[in-house]
Amino acid sequence: MKWAALMVVLSTGGLLIFATDDFPPWRDPHSPASEHVSPRYIEKSMEETGVPNLVTAVLADYRGYDTLFETAVIFTAGIACFLLLRTYREKEKESRLYRHVHTGLIVEVEAGSRMREASEHFERADRLWAPDDLIIRTACRILIPFIQLFGLQVLANGHHTPGGGFQGGVILGASLILLALSRDLRTATRMMPERISGLLSASGVLVYAGIGTVCVLLGHSFLDYAALAPILFVDPVQARNLGILGVEIGVAMAVMATMIVIYGNVASAGYYDEGL
Amino acid sequence: MISTLIAKYNYWIYITLMMVGMYAMIAKNNLVKKIIGMNVFQTAIILFFVSIGAKQDATIPVLEHSHGPEAHTVRALDYINPLPHVLMLTAIVVAVATLGVALALAVKVFNRYHTLEEDEILTQIREE
């Protein structure tokens, strides 16, 4: 029992609870947080942007600059994991396991020699967990396309239901992580190679910043989507609506690719040969 | 006293959760348990902020009947404050990013010291 840590924690908690004396009561409609700029966002959002989902309108339009750098933060985290962990030298000589596909027999090949990777009779098995369970493989094989469809639906319906770029991007990334868990990391890397996922995360941030820059090139401020009205042939309210959608697509690309990059690097400790 | 409890109990619950996470970050020996404590702390902060935006008898911040013939003027009292939700979306993304980088650093620490216990790592550092 660490008494010093407990004293620190209890005193900090006591000070914070003492500070809540000055807080407004819970669910007060006239609390200071709900008074100054928030009613304007609630009342003017439909007539200025045409988006019923107030959270998406505030996130991607009124506070779009903040969201751009949040996308840059998640991209930076993906780069940081890649730079910390990814190594291209082979692991020290250790034996590999191969599974005979038809009978399930495991063969251990000693260090130094290896079998042909693309053989139809033998497949590589991971040392820590050999996912050859038929139920898991078949169930995930059926589920993954529907998970991806649902992710795209959450992204596209971000204007009318709770959802948007971050949520849809995480669901899409989770579908590929499920593929890596149910088969193995090499299968998922074949479906989404490292180069593609790296380029995709960078291009997500580029789409977001690019839409903002196009608005500057057309004469308005950065990320002022009403500038896109002449080139999209719509009125300014609809242009803001479409600008929000374009920005959310960029965010979803960046978040999906970064989830895959972080998972691939952390699960295989940078070697990308055997995952979890 | 009871009226204060009813008015403020949401803040107290989330402060308690924050302190649980903080104790795990300070007192636990294993690095992964410290990372989990950091995650609990961040989750408590997110819930704390979201609870600030609640309003009595108000619905979620998605406008109802906004299209078509039933469109009517929007009253700010009918919808909860969307601003804490937006700020906390950023906080969730930052939490995921720091969790990913923290786990990558834990992998590097394990590769170097072959242990994840803080006291064994400090012993190995002092012996160098």
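Which residues in H1(B) meet which residues in H2(B)? This briefing on chain B answers that below, starting with the ground rules. The model is predicted: local features need pLDDT of at least 70, side-chain atom pairs count only at pLDDT 80 or more, and totals for chains, interfaces and linings use all residues. Residues are numbered from 1 along each chain as its sequence is written, while chains are lettered from A and ligands numbered from 1 in the order in which they are written.

**Overall build**
- Chain B has four helices and zero strands, with helices being DSSP runs of H or I of at least four residues and strands runs of E of at least two.
- Its C-alpha atoms fill a box of roughly 75 × 45 × 15 Å along the principal axes.
- Of the 128 residues of chain B, 27% are buried, that is, with 20 or more other C-beta atoms within 10 Å of their own.

**How H1(B) and H2(B) pack**
- Helix H1 (residues 2-27) and helix H2 (residues 31-52) of chain B pack at about 165°, their axes 7 Å apart; axes are lines fitted to C-alpha atoms over the stretch in contact, and angles run from 0 to 180 degrees between N-to-C directions.
- That angle makes H1(B) roughly antiparallel to H2(B) (over 145 degrees).

**Who meets whom**
- From H1(B), the contact takes in B:Asn10, B:Tyr11, B:Tyr14, B:Leu17, B:Met18, B:Val20, B:Gly21, B:Met22, B:Ala24 and B:Met25.
- Their partners in H2(B) are B:Lys33, B:Lys34, B:Ile36, B:Gly37, B:Met38, B:Val40, B:Phe41, B:Ala44, B:Ile45, B:Leu47, B:Phe48 and B:Ser51, contact meaning C-beta atoms, placed from the backbone, within 7 Å.

Terms used. Angles under 35 degrees count as roughly parallel, over 145 as roughly antiparallel, 65 to 115 as roughly perpendicular and the rest as oblique. Two residues are in contact if their C-beta atoms, placed from the backbone, lie within 7 Å. A residue is buried if 20 or more other C-beta atoms lie within 10 Å of its own, exposed if 12 or fewer, and partly exposed in between; C-beta atoms are placed from the backbone.
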